[in-house]
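Q: I am new to reading protein models. Could you walk me through some features, one at a time?

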Amino acid sequence: MKPKGFVRRTRQREVILEVLRGTKSHPTADWVYQEVRKAMPHVSLGTIYRNLKTLSEHGEIQELAFGSTHSRFDANKEIHYHFVCERCGLIEDLDMPVIVGLEEEVAQRGYNVTTHRLEFYGLCPDCANNESMGKAN
Ligand code: ZN
Ligand code: MN
């Protein structure tokens, strides 16, 4: 996990954390912005971005970066795995134990491991269903 240095608690950060803890959808910064604005109408998108960055740098939240697409944010800072639907963009937590010994395997090869992330890609159950119904027609 990332270093957990002290991060100053501001009202903005409290509201951002509340918003993130209230969803399981792994939202984008833009979605967080829309929600935070309901409580703090004058907040700017730039402020949301900066605070999300700071919170993730201090290990208070997880940033799930996906290359060229927008990062998604997760209030669950513990290591856990995700399923990403390639059709609808859904990102869900996988209710399964962390694979024991994975980081040690890599460390044995001489790398200094700080953390790891694991995502599975494919179709979520809904999209898989829609696809098979489409084929039946
Ligand atoms: Zn889907
Ligand atoms: Mn998650």
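Predicted model: local features only at pLDDT ≥ 70, side-chain atom pairs only at ≥ 80, totals over all residues.

Q: What about ring-to-ring pairs: how many aromatic pairs does the count come to?
A: A pair of aromatic rings is described by the distance of the centres and the angle of the planes. Here the count comes to 0 aromatic pairs.

Q: Let's turn to charges. How many salt bridges are there?
A: Side chains of opposite charge can pair when their charged atoms come close. In this model the count comes to 7 salt bridges. One of them joins Glu60 and Arg9, with the closest N and O atoms 2.9 Å apart.

Q: Why does the pair of Glu60 and Arg9 tie together parts that are apart in sequence?
A: Look at where each partner lies. Glu60 is in the loop between α3 (45-57) and β1, while Arg9 is in the segment before α1, so the pair links parts 51 residues apart in sequence.

Q: Is Glu60 buried or exposed?
A: Here we compare the relative accessible area with a cut-off: buried means under 20%. Glu60 has 13%, so Glu60 is buried. Arg9, with 42%, is partly exposed.

Q: Which side chain meets Glu131 in a salt bridge?
A: That is Arg87, at 2.9 Å from N to O. Glu131 lies in helix α5 (residues 125-136) and Arg87 in the loop between β3 (81-85) and β4 (91-94), so this pair ties together parts that are 44 residues apart in sequence. Glu131 is partly exposed at 30% relative accessibility, whereas Arg87 is exposed at 52%.

Q: Now the metal. Which residues coordinate the manganese ion (ligand 2)?
A: The donors are His26 (NE2), Asp74 (OD), His80 (NE2), His82 (NE2) and Asp93 (OD), at 2.0 to 2.2 Å. Along the chain they follow the spacing H-x47-D-x5-H-x1-H-x10-D. His26, in the loop between α1 (11-21) and α2 (29-39), and Asp74, in strand β2 (residues 69-74), are 48 residues apart. Both His26 and Asp74 are buried.

Definitions and conventions
Residues numbered from 1 in each chain as written. Chains lettered and ligands numbered in written order. Heavy atoms only, no water. Phe/Tyr/Trp six-rings, centres within 6.5 Å; stacked < 30°, edge-to-face > 60°. Donors = N, O, S within 2.8 Å, 3.2 Å for Na, K, Ca; no water. Helix = DSSP H or I, 4+ residues; strand = E, 2+ residues; numbered from the N terminus. Buried < 20%, exposed > 50% of the residue type's maximum accessible area, 1.4 Å probe, protein only. Salt bridge = Lys/Arg side-chain N within 4 Å of Asp/Glu carboxyl O.
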